[in-house]
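Okay, thanks for having me, everyone. Let me put the structure up on the screen, and then we'll walk through a few parts of it together.

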Protein chains: 4
Amino acid sequence: MIIVMSQNATKEQIENVEKALTDLGFKTHPIVGDVKTVIGAIGDKRHLNTNYISTMPGVENIVPIMKPYKLAGKELQKNPTIVQVGDVKIGGTEVVVMAGPCAIENMETYLETAEKVKQAGAKILRGGAFKPRTSPYAFQGLEEDGLKIMAAAREATGLKLVTEVVDTRDVELVASYTDIIQIGARNMQNFRLLKEVGMYQKPVLLKRGVAATIEEWLMAAEYILSEGNPNVILCERGIRTYETATRNTIDMSAIPVIKELSHLPIILDPSHAAGTWKYVNALSKGAIATGADGLIIEVHSSPDAALCDGPQSLLPSKFEQLMKELAPVAEAVGRTL
Amino acid sequence: MIIVMSQNATKEQIENVEKALTDLGFKTHPIVGDVKTVIGAIGDKRHLNTNYISTMPGVENIVPIMKPYKLAGKELQKNPTIVQVGDVKIGGTEVVVMAGPCAIENMETYLETAEKVKQAGAKILRGGAFKPRTSPYAFQGLEEDGLKIMAAAREATGLKLVTEVVDTRDVELVASYTDIIQIGARNMQNFRLLKEVGMYQKPVLLKRGVAATIEEWLMAAEYILSEGNPNVILCERGIRTYETATRNTIDMSAIPVIKELSHLPIILDPSHAAGTWKYVNALSKGAIATGADGLIIEVHSSPDAALCDGPQSLLPSKFEQLMKELAPVAEAVGRTL
Amino acid sequence: MIIVMSQNATKEQIENVEKALTDLGFKTHPIVGDVKTVIGAIGDKRHLNTNYISTMPGVENIVPIMKPYKLAGKELQKNPTIVQVGDVKIGGTEVVVMAGPCAIENMETYLETAEKVKQAGAKILRGGAFKPRTSPYAFQGLEEDGLKIMAAAREATGLKLVTEVVDTRDVELVASYTDIIQIGARNMQNFRLLKEVGMYQKPVLLKRGVAATIEEWLMAAEYILSEGNPNVILCERGIRTYETATRNTIDMSAIPVIKELSHLPIILDPSHAAGTWKYVNALSKGAIATGADGLIIEVHSSPDAALCDGPQSLLPSKFEQLMKELAPVAEAVGRTL
Amino acid sequence: MIIVMSQNATKEQIENVEKALTDLGFKTHPIVGDVKTVIGAIGDKRHLNTNYISTMPGVENIVPIMKPYKLAGKELQKNPTIVQVGDVKIGGTEVVVMAGPCAIENMETYLETAEKVKQAGAKILRGGAFKPRTSPYAFQGLEEDGLKIMAAAREATGLKLVTEVVDTRDVELVASYTDIIQIGARNMQNFRLLKEVGMYQKPVLLKRGVAATIEEWLMAAEYILSEGNPNVILCERGIRTYETATRNTIDMSAIPVIKELSHLPIILDPSHAAGTWKYVNALSKGAIATGADGLIIEVHSSPDAALCDGPQSLLPSKFEQLMKELAPVAEAVGRTL
């Protein structure tokens, strides 16, 4: 790291900082400029607490040179991670589409939607049994009954399952049913929950927090990876900005940024980003052309009766049409669907 | 609520929406404008799922008229809530200052800091035993050992305690030690945790999420209130914006906004907002003049050795000086310190 | 519009608001709810000042029903506008690519770049003669000498020209040289400049302000349209958010939103959005698949010597490669390049 | 500055960067770390274009060490600038209040408001003759007729004047009437306008752009200062964030940040920040306690009839009350009003 000393730093202050760095195990390397002095500190000390250096008299600020994550970055692994979910590969040449309703409401409509997304070409079935809702008065999910319905749909269709967990106490239960454990945007920095899912080998779909930087998102992945679970799939789902024309602002550039910084696969959730089904078609095509490894899309056989997020769900017929339109886009960028 | 129909909505579509609203128990009231029709829907249905109305053909958008929260707002309670923590009243005429280090590191330094903040006039002692840290490699807190140190400091000083809980599994333990349970910014929408602390009568310090709207914050309070715990203290601690000169941007206007919308007390955390001790003095005075009911300030007897957030901690001497400067400001706005 | 009265509004206050609305020419339509009263005000009064209604005693807030823009929206024109620049059509089936350096530096390198972007398939040549720079010490452009170099490059290549104007005093001069007048992001709300370019019939490329909402952007277009110039091309170039991994956050969903709200064509500027050439390829493909009508891309024959924005410029060889990769993407969404 | 080379940079790439820096006149100083090499480049080259270094092969990024502004910072001037407007001093011990309506509408109401703000203790009279309005259909100001009314009010009351200029072509005219020239938020990066007002010696009130960083704001001040006009007053007026409870989010921490980075005075505009008069009282007190050198407040004798921004204007009676409440707050922080 680089320590920038302020213009008025005294010789003694500079020496004190050098000494403190040496005590921490760094080799120091001062550069005396015309106006300011900076001190290069050599050594990988990401595990050390170096906060206090920035409070020493004469220090203006500290510039880290190393990324704060190790396992999520490319230093130790250059090749892309391919997460295997049964026979489905996420992060390879194939673009993988996950689809299904926001919340599971009952066996009948869930099975109906499951069959339809399967026919249209989805490989993974989504559905929420535990729902984090802004209002305490909103539908909170069927909990284990919902998981059982999901398992029945897997049985019926052969689709793999992805569903969210919202409480450390439920991880074991959810893991026993699902094929991919989802960590929702609101829990991206629920570090206890991240550690808990890190103790399994089940693939984890890690949604980006609604105001998380890409670096914080990769640090959240690091929590999971550092517990021993290498199967992390990142999911961009829109960030919070001042613009209100869409529910969130999809950060499409997160796709090439993640591809540059990390080996982990990244998929996109156009439904939650847009907040309305109207823009899902355009954003899905855009995501694949930009380089996403997959999509997770809300589909509901009757969105007007959905207990959750109806407005952003596609009708199965619109989803089928979308899948047809996605195929040539995937092909145009050298991938399959 | 008001349903705005699109310019091209047909007569049949308008009738269908009216029928759907009637089926939900609303009385409807259409207004036919020159260009568009809007439908007024009378009835308080905050517990109902009306999402799907917005997906009906011809509907442009829905405008809610009622606030989504009930208990946190002023509809049912007009007088300010005063949260009683032993003999300390939060939300009354007195401005209450909470102070202490970010994380508890050991008995000795914690007791030393506790004595000093007590002497300077703080009424509540803060300290973190469970620390949510961005990096898995950073110090995560002493856990129950930390709580024991806090209890010893209460014994020694008579100060009340505030400390954070980060996992539903720890709520009972934390509640058995502390006087105020803190919900941190990252957990503001950890709804399971909110429900859990709602089941106790212990006061809860609810920090605003780093990108939470004031409405979402009040909805988080609603989760706690609706479980039966009326003792919620709101804490503004800076929001995420594009500006990087401070760690977060303190939203000072949240103080009068909360005073208008809610009966709950609101305090301010200038240390986390600024990210550096340098601005804590100015922001603390500003907060009190703006109308805050209290402050929570990081103080550490040797911030250069702190295992967490050293740069934003005040030295006890600077805290003492701040307390002296705060008194006339409190007086200037008709309060005591 | 809808006037929402507060819960405590008196009968007299409600009547006063109704009277004020009637005086302004509205027909009023009160809806008495269980808790609040709302008043529907019928009539298109976008040109009237109705601000003061919101300050009347008992008024909680006002909900506009009509969009504030008329000419930029679809009320009066449903078919897409196709802006004709010589024989180039922007907004039709063909995706139009504009390319060239950020600033014009000298005849030789500009001509070299112009020839290369022409060969690769660009239709419009960009270049800055007047540069709005954050620092007063940075290169401010060659001014009229730059425009002359651009004219020579048009002569040599047959490409059409697009260049920025930054001062009302220069509009006539710039319009006499260029084929498309560019209004930069920093001037999107320089209303005098908008009015000035509205007095010409030259096509205007209107960049979105760095923190402008889509509604404000369409209102800026309205300024130009309302002066009589119908040839407006919108250009999304990234918005300011908290994320720092890219210079700005490209708002890809602006493409379908604009297609829904307006008849004006929209192109994308991936170079300014990303701030680095590395992400231009991915974002360009994504933009076309999402539905953009064109792209404007920085290309410089030696970006390492560029006086402005070198890091985000593509080498001509990389631009040529990009154009080859874009063709199948355009085809996959039913367009040509 | 510091050049961070990527992990894979070759020896040759590092040497090439060193050579390029030497050619630009820097002395170089490489630090070879365990993983990466960084190169310190010594020399103050803020006027040089060093952009292209960041595009050289093997370069990961560049970290500037010097602030980009010179005249606006404290390197050359440590003592606070006191801007003298006749006998009013801005930036000294006295807190200076500017007040008046948003737009000038007619002689009678303007004079009435002017008299009242004078009696309440304001020292400077505000008023808009040229109004930048989001909608082309909104009132655009009385232009020179408005300036004449302002001059008459100065004559009548002895108050100094502050008014906005929005076009380079009007600077001379506006400067001939007003005592302080205002640059509005939308024009903070209208660099031609900044240069134009920099050519006068009239004090300039430079509002912060709605999404401007503090660094960009100081760079805008630098434009004015570098043309030779040292009389710049900064004005914080709220920034754009995701929060919609207030029109903008007042960045109160900008006050201590500017006090640390710059010698220029800073005042606050609570009216535009809040967008409603309801929060002006609380924010005004907060601003002064935080350390602002003054306030600019909208006051209108009948805000319900105002042609512009009525909802955020105080009635003269409320303004008078506010001035009474401000005095003890100013005193509490060692200042006068």
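Predicted model: local features only at pLDDT ≥ 70, side-chain atom pairs only at ≥ 80, totals over all residues.

β7(D) and β14(D) run parallel and are joined by five bridges. On to β8(D): β7(D) pairs with it too, again in the parallel sense, over two bridges. If you want a spot to look at there, find Ala99(D), which stands opposite Leu125(D) in β8(D). And how does the chain get from β7(D) to β8(D)? It goes through α2(D), and that β-α-β crossover is right-handed.

While we're on that helix: α2(D) covers residues 107-120 and lies across β7(D) and β8(D), running at about 150° to β8(D). There's another helix to point out, α9(D), residues 280-290, which packs on the sheet and touches β13(D) and β14(D). Its direction makes about 165° with that of β14(D).

Let's move one strand along. β8(D), residues 124-126, pairs with β9(D), residues 160-164, in the parallel sense over three bridges.

Okay, zoom out. What do these strands build? A closed barrel of eight strands in chain D, going β7-β8-β9-β10-β11-β12-β13-β14, with parallel pairing. From one strand to the next, the twist averages 25°.

Last stop, and we're hopping over to chain C. Find Ile183(C), which sits in strand β10 of that chain, residues 180-183. Is Ile183(C) buried or exposed? Its relative accessible area is 0%, so it counts as buried. Looking past its neighbours within four places in sequence, Ile183(C) is in contact with a whole list of residues, including Val165(C), Met188(C), Leu193(C), Leu194(C) and Val197(C). Lys207(C) is also among them. And as for Arg208(C), that's 25 residues from Ile183(C) along the chain, with 9.0 Å between their C-alpha atoms.

That's my tour, so over to you.

Note on methods. Residues numbered from 1 in each chain as written. Chains lettered and ligands numbered in written order. Heavy atoms only, no water. Helix = DSSP H or I, 4+ residues; strand = E, 2+ residues; numbered from the N terminus. Buried < 20%, exposed > 50% of the residue type's maximum accessible area, 1.4 Å probe, protein only. Contact = heavy atoms within 4.5 Å. Pairing = 2+ DSSP bridges. Axes fitted to C-alpha atoms, helices over the stretch in contact; angles between N-to-C directions. Right-handed = clockwise from strand over helix to strand, strands pointing away.
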